[in-house]
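Subject: Structure handover

Hello,

Please find the structure below, followed by notes on what turned up in it. The notes go from the whole chain down to single residues.

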Amino acid sequence: YAGMPRHGYTAQFVDLNGDGIAEVLLSLNYDSGQCGAANCSLEILDLTGPSVRALFGGLAPDAGMRALDSRTQGWRDVRLDIGQVLRWRNGEYHWPR
């Protein structure tokens, strides 16, 4: 992924939709110097096509996340370290309503 620094991030490769191909949970670490105003970038990426497709992008003060066993519309829910759960809706992940 061309836009990522060489260090200061966490990438988890997890199959979120059950197709046998991993998506990427990408979190910038605050101490990387890449975060602004105490918020760090979070992205969920699909690397299967000819180009990277963002399934989620957002900012949070504590940028960790992990896939849960629970599912919404066939896709695994993703819990952010700040306690919110992202759920799949209309072709992408969304913040809780």
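**Overall picture**

Of the 97 residues of the chain, 40% count as buried. Please keep in mind that this is a predicted model. The chain has eight strands and zero helices, and its order along the sequence reads β-β-β-β-β-β-β-β. Among contacts with a separation of 6 or more, 27% are between residues 24 or more positions apart.

In soluble globular proteins, nonpolar side chains tend to be buried together. Here the largest nonpolar core has 16 residues, and those that touch the most other members are Leu16, Leu25, Ile44, Met65, Val78, Leu86 and Tyr93. Five elements are listed as giving two or more residues to this core: β3 (40-46), β4 (53-60), β5 (65-72), β6 (75-80) and β7 (85-89).

Not counting residues up to four places away in sequence, Val78 touches Leu16, Leu25, Ile44, Met65, Arg66, Ala67, Gln84, Val85, Leu86 and Tyr93. That list includes Leu16, Leu25, Ile44, Met65, Leu86 and Tyr93, which are also among the core residues that touch the most other members.

**Aromatic pairs**

The structure holds four aromatic pairs. One of them is Trp75 with Trp88, a stacked pair at 3.7 Å centre to centre and 5° between the planes. Trp75 lies in strand β6 and Trp88 in strand β7, 13 residues apart, and the pair links distant parts of the chain. Both Trp75 and Trp88 are buried.

Trp88 also pairs with Tyr93, this time edge-to-face, with 5.2 Å between the centres and 80° between the planes. Tyr93 is buried, as is Trp88. Through these ring pairs, Trp75, Trp88 and Tyr93 are linked into a cluster. Tyr93 is also one of the core residues that touch the most other members.

**Salt bridges**

The count comes to three salt bridges.

- Asp46 and Arg53 meet through their side chains at 3.7 Å, N to O. Asp46 counts as buried because its relative accessible area is 12%, while Arg53 counts as partly exposed at 40%.
- Asp69 bridges to Arg76, with the closest N and O atoms 3.9 Å apart.
- Asp77 bridges to Arg87, with the closest N and O atoms 3.8 Å apart. Asp77 is in strand β6 and Arg87 in strand β7, ten residues apart, so this pair is another link between distant parts of the chain. Asp77 is buried, with a relative accessible area of 2%, and Arg87 is partly exposed, with 39%.

**Surface patch**

Which residues form a nonpolar patch on the surface? They are Phe13, Leu47 and Val52, which together have about 280 Å² of accessible area. Leu47 sits in the loop between β3 and β4. The relative accessible area of Leu47 is 41%, so Leu47 counts as partly exposed.

**Arg79**

One more residue may be worth a look in the viewer. Arg79 is found in strand β6 and is partly exposed, with a relative accessible area of 30%. The C-alpha atoms of Arg79 and Met65 are separated by 5.5 Å, although the two residues are 14 apart along the chain. Leaving aside neighbours within four places in sequence, Arg79 is in contact with Gly64, Met65, Arg66, Leu68, Gln84 and Val85. Of these, Met65, Arg66, Gln84 and Val85 are also touched by Val78.

Regards

Definitions and conventions. Residues are numbered from 1 along each chain as its sequence is written. This is a predicted model: local features need pLDDT of at least 70, side-chain atom pairs count only at pLDDT 80 or more; totals for chains, interfaces and linings use all residues. Side-chain values use heavy atoms; hydrogens and water are left out. A nonpolar core is a set of buried Ala, Val, Leu, Ile, Met, Phe, Trp, Tyr and Cys residues joined through side-chain atoms within 4.5 Å. Buried means under 20% relative accessible area, exposed over 50%, partly exposed in between (1.4 Å probe, protein chains only). Helices (H or I, at least four residues) and strands (E, at least two) are DSSP runs, numbered from the N terminus. Contact means heavy atoms within 4.5 Å. Patches are made of residues with over 30% relative accessible area and no salt bridge: like charges are joined within 9 Å, nonpolar side chains (Val, Leu, Ile, Met, Phe, Trp, Tyr) within 5 Å. Accessible areas come from the Shrake-Rupley method with a 1.4 Å probe; for residues, only the protein chains shown count as cover. A salt bridge is a side-chain nitrogen of Lys or Arg within 4 Å of a carboxyl oxygen of Asp or Glu. Rings of Phe, Tyr and Trp (its six-membered ring) pair if their centres lie within 6.5 Å; planes under 30 degrees apart count as stacked, over 60 as edge-to-face and the rest as tilted.
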